[in-house]
Amino acid sequence: MPSRYMQPLRILIQFGYLGFIVWLGFSFYTFVQAVGTSADRSTLVRPDGIDAFLPISGLLGTASWIKGNGINLIHPAAVIVFITIVISSLLLRRSFCSWICPIATLSEISWKSGFRLFYRNWRLPSWPDVTLRGFKYLLMLFFIYSVFIAMSSEALLGFIQSDYHKIADVRLLNFFLHISPFALGVVLLLFVFSIALRNPFCRYMCPYGALLGLVATLSPVRVTRNTERCVSCGVCSQICPTYIDVMHTSSVSSPECIACWRCISHCRYNEALSMRAVQRVAIPGYIFAALVLLLFLGGTALGKISGNWHSTVSFEEYVRLLVK
Ligand code: SF4
Ligand code: SF4
């Protein structure tokens, strides 16, 4: 498949997943609304995939699992999705960020709209950019320290089985349904920044992206430049949403690379850029796209087959915790 078709394919997958997420959110909203009112409880099904929005629960569950407590049965899908995404970063770099993540999809729509409006996106000067990028790593370290070091296995288990954690999904929903003026202001400010800059939330604030970026540095897969074919036109460096200077590198090792293939798609000169495993084996675009989907769907399927997907929080517990 010619690399110019990669961007339409990636965007199709992004929007497909965004649509799925909207459906998932609406199903969960319907479930929560019905908990206190429906007479026929047999029709109420909680969409377990909503746990994908609980990455901290996934991190807590993973730590608890590693410390010998078994999988987090309160929100097991959160653990499965978390581990799947970490493994996908190890194999296919931060492909989750540019192919699946709905926040990154909205962010990409924003900066592309900004580009259409102003014919450009801005970039922070070097020192604030580097300083702010460090912020997401600090957040990541804070979460990893808090969960893996500061909390004992008993404390992890206690939190996972707490009433607070049982309805963490509903708390998140309520956060958006009854958003405070302050939180709304922050979201709007981020939206404005996301029009001017490329992916500021992912670049400066997302601890998940920080973790995936560090894991991705171990990945055997990288964008690789054939220095003999390259005509040094600079398009790849201009087009990169994470501002990587692709033209001046032979292989992209940066943790910021989100494996979006934009540089490869826009390089029209003798296919000077390619996605390669261990710098040797070129990965065709359709294979990469198929692998991204297979990894993500495969992780979900494994979770379901192994019985680690459905939450053990019973309908009665939701009623007890939600209906005052
Ligand atoms: S777009 Fe292709 S030809 Fe142009 S600088 Fe980048 S790698 Fe070289
Ligand atoms: S280096 Fe290429 S694949 Fe990586 S983020 Fe930049 S444009 Fe996307």
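## Second largest pocket

Strand E1 (221-225) and strand E2 (273-277) each supply at least two residues of the lining of the second largest pocket in this predicted model. E2 gives the most, with four residues. Strands (E, at least two residues) and helices (H or I, at least four) are DSSP runs, numbered from the N terminus. The pocket's volume is about 460 Å³. It is lined by 23 residues, and the closest to its centre are Ser3, Ile264, Glu271, Leu273 and Ser274.

By class, the lining has 11 nonpolar, six polar and six charged residues. Nonpolar covers Ala, Val, Leu, Ile, Met, Phe, Trp, Tyr, Cys and Pro; charged covers Asp, Glu, Lys and Arg; the others, Gly among them, are polar. A pocket is an open set of points on a 1 Å grid over the protein atoms alone, where a 1.4 Å probe fits, with protein on both sides within 12 Å along at least five of seven lines; lining residues have an atom within 4 Å of a point. Volume is the space filled by probe spheres set on the points, which are joined across faces, edges and corners.

## Basis of the model

The model is predicted: local features need pLDDT of at least 70, side-chain atom pairs count only at pLDDT 80 or more, and totals for chains, interfaces and linings use all residues. Residues are numbered from 1 along each chain as its sequence is written, chains are lettered from A and ligands numbered from 1 in the order in which they are written, and side-chain values use heavy atoms, with hydrogens and water left out.

## Ligand shells

Ligand 1 is surrounded by 13 residues (a heavy atom within 4 Å). The closest are Cys230, Cys233, Gly234, Cys236 and Cys267. This shell has 10 nonpolar, two polar and one charged residues.

Around ligand 2 there are 13 residues, of which Cys240, Cys257, Ile258, Cys260 and Cys263 come nearest. Its shell has 11 nonpolar, one polar and one charged residues.

Just after H5, Tyr119 takes a positive phi of about 60 degrees.

Helix H6 (residues 126-150) spans 34 Å, close to the 36 Å expected. Pro128, Asp129, Lys136, Tyr137, Met140 and Val147 are buried in H6. They pack against helices including H2 (55-66) and H12 (207-216) (contact: heavy atoms within 4.5 Å).

Note on methods: Expected span 1.5 Å × (residues − 1). Buried < 20%, exposed > 50% of the residue type's maximum accessible area, 1.4 Å probe, protein only.
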